Amino acid sequence: GVSIKKLTEELRVKSTEELKQLLVELKEKLMKLRFKNAFGQLDNPMEIRNTKKQIARILTILRERELKG
C-alpha cells in the first residue's frame, strides 16, 4: 500500500488553494459514499474511512499553515 507519510508529503507540496479545492471534492465524494452505503451499494466500506482520513489530513495541514501565518 501507499504509505501515509508519502500521502501527507504529497499534500504538503500542494498550494493552500489546491488543498481547499481537494477538500471540497473529498467532502462530495464522502457524501456520495455515505449515500451508496445507506442503500447497501458500497463495494468497499474502507473507502469511507480512507476518505475521512484524507479530509482530516488536509484540515491538519491547512490549520498548521494558518497558525504559521
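Entry 1. I am working on a predicted model. I looked for salt bridges, and the count comes to four.

**Entry 2. K5 and E9.** I looked up the distance for this pair. Where do K5 and E9 sit in helix α1 relative to one another? They are four residues apart in that helix, which covers residues 4–13, so about one helical turn separates them. I then checked accessibility. K5 has 60% relative accessibility and counts as exposed. E9 has a relative accessible area of 43% and is partly exposed.

**Entry 3. R12 and E64.** Next I took R12. Its side chain meets that of E64 in a salt bridge, 2.7 Å from N to O.

**Entry 4. K29 and E47.** I moved on to helix α2. The side chains of K29 and E47 meet in a salt bridge of 3.7 Å, N to O. Here too the pair links distant parts of the chain: K29 is in helix α2 (residues 16–38), E47 is in helix α3, and they are 18 residues apart. K29 is partly exposed, with a relative accessible area of 35%. E47 counts as partly exposed at 28% relative accessibility.

**Entry 5. R57.** Last, I looked at an arginine in helix α3, R57. What is the nearest side chain of opposite charge to R57, and how far away is that side chain? I found E10, at 9.0 Å. A salt bridge needs nitrogen and carboxyl oxygen within 4 Å. R57 has no salt bridge, yet R57 is buried. I also asked which residues R57 is in contact with, leaving aside its neighbours within four places in sequence. They are I4, L7, T8 and L11.

**Entry 6. Recap.** K5 and E9 both lie in helix α1. R57 stays on my page as the buried arginine without a salt bridge.

Terms used. Residues numbered from 1 in each chain as written. Predicted model: local features only at pLDDT ≥ 70, side-chain atom pairs only at ≥ 80, totals over all residues. Heavy atoms only, no water. Helix = DSSP H or I, 4+ residues; strand = E, 2+ residues; numbered from the N terminus. Buried < 20%, exposed > 50% of the residue type's maximum accessible area, 1.4 Å probe, protein only. Lys, Arg positive; Asp, Glu negative; His and termini not counted. Contact = heavy atoms within 4.5 Å.
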